[in-house]
Amino acid sequence: MKRAAIYARFSTDLQDERSIEDQVSLCRKYAERESLDVVAIFDDRARSGGSILGRDGLLALMDKARERSFDVIVVEALDRLSRDMEDLAGIHKRLSFLGVEIRAVHEGVVNTVLVGLRGLVGQLYREDNAHKVRRGQAGRVGKGLNAGGLTYGYAPVAGDPGKRSIVEAEAEIVRRIFRDYVDGHTPRDIAHDLNAERITPPRGRAWNASTINGNMQRGNGILNNELYAGRLVWNKVRMVKDPDTGKRISRPNAESDWQATDVPDLAIISRELFEAAQKRKKARSVTHPNQQRRPRHILSGLLKCGACGAGMASNGKDSSGRIRIRCSSATESGICPDPKTFYLDTVEAAVLNGLTAELRHPEVIAEYVRTYHAERKRLAAEADRKRLRLERRLGDLNREIDRLVDAIAKGQGDPAVLGPKSTLLDGERKKVAAELAEAAPSTEAVALHPAMLARYEDQLTRLQAALAGGIRDSDTECAEAIRDLVETVTVFREGSRAGGVQVEVSGRLTALLGEQAYPNRVRGVWGKMVAEEGLEPPTQGL
């Protein structure tokens with residue numbers, strides 16, 4: 001009997017969980033009729049068929065297919081595998097290469113023509129559904145109803161889909177935000193005040209400037225929302241799926257595509273107050289930071305505040321031109337319990353010195369050598385096992401083909417039956433021979449020569465000098481080199497000394513060499529380096 005795997009999927013969490021069990025039951029009955037031995041079942045619950053990304057069940061099925069764990073995949077219908085033409089064709093192409101057959105309960109054995117037709121139908125169905133949903137949303141907006149999503153200051157009316165009512169407590173906060181902004185307060189100041197009074201934000205743990213200010217192009221943020229002035233605007237953005245990641249991202253639509261409806265019963269502020277806020281926003285508008293040419297610092301995106309865990313960003317310069325850094329939560333929301341400012345160059349020097357010292361440590365070098373040998377042996381053994389399996393299969397195929405040819409030559413069988421079988425086996429033999437030719441040759445672990453370790457030490461010295469120069473010059477290549485070694489840099493206040501800073505570095509090499517490689521063993525990180533602000537930091541011990 002051929003070994004079979006069953007795959008089942010349903011699209012959204014609004015569907016019944018029984019959908020999976022029903023599909024599996026249907027596929028089992030099909031397998032029994034076709035004399036297939038079901039050896040595995042894979043499923044994806046509440047996962048769209050528009051992408052293979054994020055579908056653990058399908059990815060696990062493909063992994064097992066590569067291990068030749070089954071010969072046939074049974075699905076209720078091809079759209080269970082994918083509703084995307086590219087993905088469905090790719091799945092079929094890879095399974096065909098592996099010699100795994102796809103069978104659909106309602107369509108039988110799947111071939112290239114069926115994959116093309118079903119892939120096209122599935123994608124058209126998905127796109128048509130999206131158009132229908134948007135048409136329905138546009139109709140709701142035209143009636144002044146909510147097309148989806150929650151807005152601060154409003155709550156849905158129970159039993160009346162699309163209707164919203166004003167939440168007076170939140171509405172008063174909205175009025176306060178607009179009044180304060182028009183009176184000259186900045187979004188950052190308003191966020192600080194709201195957090196200080198422990199007023200619950202729309203989402204997340206705290207108010208920040210972006211919650212209030214938003215983005216004018218995308219039309220988000222409290223100050224940009226015309227609904228507060230009694231005008232419902234829809235279709236400012238559209239959602240598209242990134243084909244490489246499977247994630248939905250928003251894209252702004254042209255203003256001509258927006259749809260607006262007056263809803264005076266939902267007005268929280270006057271039109272005059274809203275227009276006054278827009279006038280001030282335009283007066284304060286500057287070039288977006290993403291459009292400004294700014295040097296990239298060596299630790300950009302890696303710094304975290306030791307007091308609250310938020311990210312850290314530059315916070316101006318002192319009179320000598322030294323760049324300061326500060327917790328983003330302290331700057332944007334005012335909620336950091338220890339909002340201290342640090343000097344960027346002090347933190348960079350501490351990280352660089354500590355990193356170099358740790359990599360130079362004898363235990364790290366010894367662990368590097370040990371891990372190198374272990375990895376080389378593992379790869380060699382894996383390659384040898386694969387070659388041995390392929391060589392055995394090739395031998396079996398050669399013997400079977402020879403037996404069939406001899407039988408045909410001696411007239412011991414029907415050539416009409418034995419001939420096609422021999423051709424099929426020959427096709428498999430060519431595939432196996434091609435895999436064998438591409439398989440990595442047997443390798444032996446190569447010992448690291450002592451001179452190589454001396455060179456390693458020399459390279460570390462030159463690396464430190466090069467990176468130090470890169471820090472001064474804001475070199476992008478140096479920033480990328482640091483990112484190959486460092487995952488996060490957490491900055492703490494050093495309480496034992498005035499102006500002291502303590503830096504905890506989490507390294508990516510931990511995942512490769514393991515925590516035992518790092519002598520300090522500080523929660524699996526490289527350790528803590530201490531430098532005194534305002535002084536040239538010495539080489540740090542860990």
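**View 1. Antiparallel pairing of β13 with β14 in a predicted model.** Strand β14, which covers residues 323–327, runs antiparallel to β13, and the two strands are joined over four bridges. Within this pairing, Lys-317 is placed opposite Ile-323 of β14. As background to this view, strands of a sheet pair through hydrogen bonds of the backbone, in either a parallel or an antiparallel manner.

**View 2. The open sheet that contains β13, β14 and β15.** Three strands form this open sheet in the order β13-β14-β15, and their pairing is antiparallel. The edges are taken by β13, residues 312–317, and by β15, residues 341–343, each of which pairs on one side only. From one strand to the next, the twist has an average of 40 degrees.

**View 3. Packing of helix α5 against helix α6.** Helix α5, made up of residues 168–182, packs with helix α6, made up of residues 187–196, at an angle of about 140 degrees, and the axes of the two helices lie 10 Å apart. Because angles over 145 degrees would count as roughly antiparallel, α5 and α6 are therefore described as oblique to each other. The crossing of α5 past α6 is right-handed.

**View 4. Residues at the contact of α5 with α6.** On the α5 side, the contact is made by Ile-173, Arg-176, Ile-177, Asp-180 and Tyr-181, while α6 contributes Pro-187, Ile-190, Asp-193 and Leu-194.

Methods
Residues are numbered from 1 along each chain as its sequence is written. This is a predicted model: local features need pLDDT of at least 70, side-chain atom pairs count only at pLDDT 80 or more; totals for chains, interfaces and linings use all residues. Side-chain values use heavy atoms; hydrogens and water are left out. Axes are lines fitted to C-alpha atoms, for helices over the stretch in contact, and angles run from 0 to 180 degrees between N-to-C directions. Angles under 35 degrees count as roughly parallel, over 145 as roughly antiparallel, 65 to 115 as roughly perpendicular and the rest as oblique. A crossing is left-handed if the near helix is turned anticlockwise from the far one by less than a right angle, and right-handed if clockwise. Contact means heavy atoms within 4.5 Å. Two strands pair if DSSP finds at least two bridges between them.
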